[in-house]
Amino acid sequence: MSDIKRAGGPGSFVIGEEEKKELLEVIESGYLFRYGSDDDPRFKQKVATLEKEFAELVGVRYAVAVNSGTSALLTCLAALGIGPGDEVIVPGYTFIASISSIIMARAIPILTEIDESLTLDPRDIERKITDKTKAIMAVHMLGNPCRMDEIMEIARSRNIMVIEDCAQAAGASYGGKRVGSIGHIGAFSLNIFKTITAGDGGVVVTDDFDLYERAFGFHDQGHKPLRTGVEIGKRSIVGLDFRMNELTGAVALAQARKIDRILATLRQKKKALKEAFSAIPGIGFRTITDEEGECATLLTIIFKDRRMADAFGEKVGTKTIAHSGWHVYNNMEQILNKQTATQFPCPYECPQYNKEIEYHAGMLPRTDDILERSINVSIGVVDRGLGSAFGINIDSTDGEITAVAERAASVMQEIS
Ligand SMILES: *Cc1c(COP(=O)(O)O)cnc(C)c1O
């Protein structure tokens, strides 16, 4: 309904007996660490099982479970060997972690325009590529896959790596392939606002053994996958600790097994709401790159002008995406105007890279124009930070869906 009280993603609405059972098994076993005695039947290996099942779900050979989506992205960058002086193409409309992980890898985020899919505009990617470009971070924003055919073609022809940021698109597919299996490496998040959740958590996926080995080592102090070969002399890289524990793994496993049911429910509810909204004059929608494959977690309306979008938002108690806060580069004061330089000498400030990168509000005019005219209506992700405080949730009834559509229709009449 128009004032949904509870915030969170669809997975958080369907936590139940399955999660409880998996979690209790871990508590009763006493094995909370992801590594235990493999020959003790009490050790349930939830994290290892999650990795196996998640890789199967996505359709890749390897997965590494980590403690957040942000660490998943940093692990992807480390696996690809991205570092000082390297440029990474990233959209100006994304969660800040996409950008901050690039900065923490001491590489240079190159902010790039979106198009009406609210994902990277391939034409602007072409314009932003230089001889320093090492990767494109393709963010599948709001559950809608990026234009991966075009992005992969650009990447192939220029010998650039593709990281898929799938944090908002777990379970989505593009052209019959699950997101995360299309680029070279992919990152997922399990925080509370995502399709499935374990409170926090993340997963890295790849089909490439070398990338897997590096990702695993980076997330666990340089160890080889599953800590085989912990003997001195076998660690080839320096890593950190981004490990997932068994408690998180247990809940994540139960949620991952629900993902297709969650998506089926959301797709059905979105279809009903979108059909009802389609009948309202003056309401248009963002471009969906794969109608069957997208997550259907949100319905994004694009109005013909800013005034209409602002007026609509005000009436229904929400904001345009441009003013929703978190996910728009214009609202990232940590990035703009070089404030990052106060934290540590920033790689994009070093004269040796021969490049001065400026970040400032208004630098992506097409992105600004689209986001100022856009409003997110929730289907399954209820998140004021995304601007989706108006709409329905995974439990909404047909009657509630009709009521939301009627409210939108009457608001449109008032403001037209
Ligand atoms: C949520 C999110 C992340 C980060 O995930 P956390 O688990 O919160 O660290 C990264 N990228 C995008 C696009 C996100 O929405």
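The charged end of Lys 274 sits over the ring of Phe 285, 5.1 Å from its centre. A charge counts as over a ring if NZ of Lys or CZ of Arg is within 6 Å of the ring centre and within 35 degrees of the ring normal. Lys 194 places its charged end over the ring of Phe 95, 5.7 Å from the centre.

This is a predicted model, in which local features need pLDDT of at least 70, side-chain atom pairs count only at pLDDT 80 or more, and totals for chains, interfaces and linings use all residues. Residues are numbered from 1 along each chain as its sequence is written, and side-chain values use heavy atoms, leaving out hydrogens and water.

### Aromatic pairs

Rings of Phe, Tyr and Trp (its six-membered ring) pair if their centres lie within 6.5 Å; planes under 30 degrees apart are stacked, over 60 edge-to-face, and the rest tilted. The count comes to eleven aromatic pairs. Two of them are listed here.

| Pair | Centre to centre | Angle between planes | Type |
|---|---|---|---|
| Tyr 31 and Phe 43 | 4.9 Å | 40 degrees | tilted |
| Tyr 62 and Phe 209 | 5.7 Å | 70 degrees | edge-to-face |

Tyr 31 and Phe 43 both lie in the loop between helix H2 (17–29) and helix H3 (46–58), so their pair ties together parts twelve residues apart in sequence. Helices (H or I, at least four residues) and strands (E, at least two) are DSSP runs, numbered from the N terminus. Both Tyr 31 and Phe 43 are buried. Buried means under 20% relative accessible area, exposed over 50%, and partly exposed in between (1.4 Å probe, protein chains only).

The other pair links distant parts of the chain: Tyr 62 is in strand E1 (residues 62–66) and Phe 209 in helix H8 (residues 209–219), 147 residues apart. Phe 209 is partly exposed, at 39% relative accessible area. Tyr 62, Phe 209, Tyr 212 and Phe 216 form one aromatic cluster.

### Helix H7

Which residues of helix H7 (residues 148–158) are buried? They are Met 148, Ile 151, Met 152, Ile 154 and Ala 155. These residues lie on the same side of H7, because they cover an arc of only 160 degrees around the axis. The arc is taken from the directions from the helix axis to the C-beta atoms. The face turned away from the buried side carries the exposed residues Asp 149, Arg 156 and Ser 157.

### Positive phi

Most residues other than glycine have a negative phi. Asn 159 is not a glycine, yet its phi is positive, about 60 degrees. Asn 159 is in the loop between H7 and E5 and counts as exposed at 66% relative accessibility.
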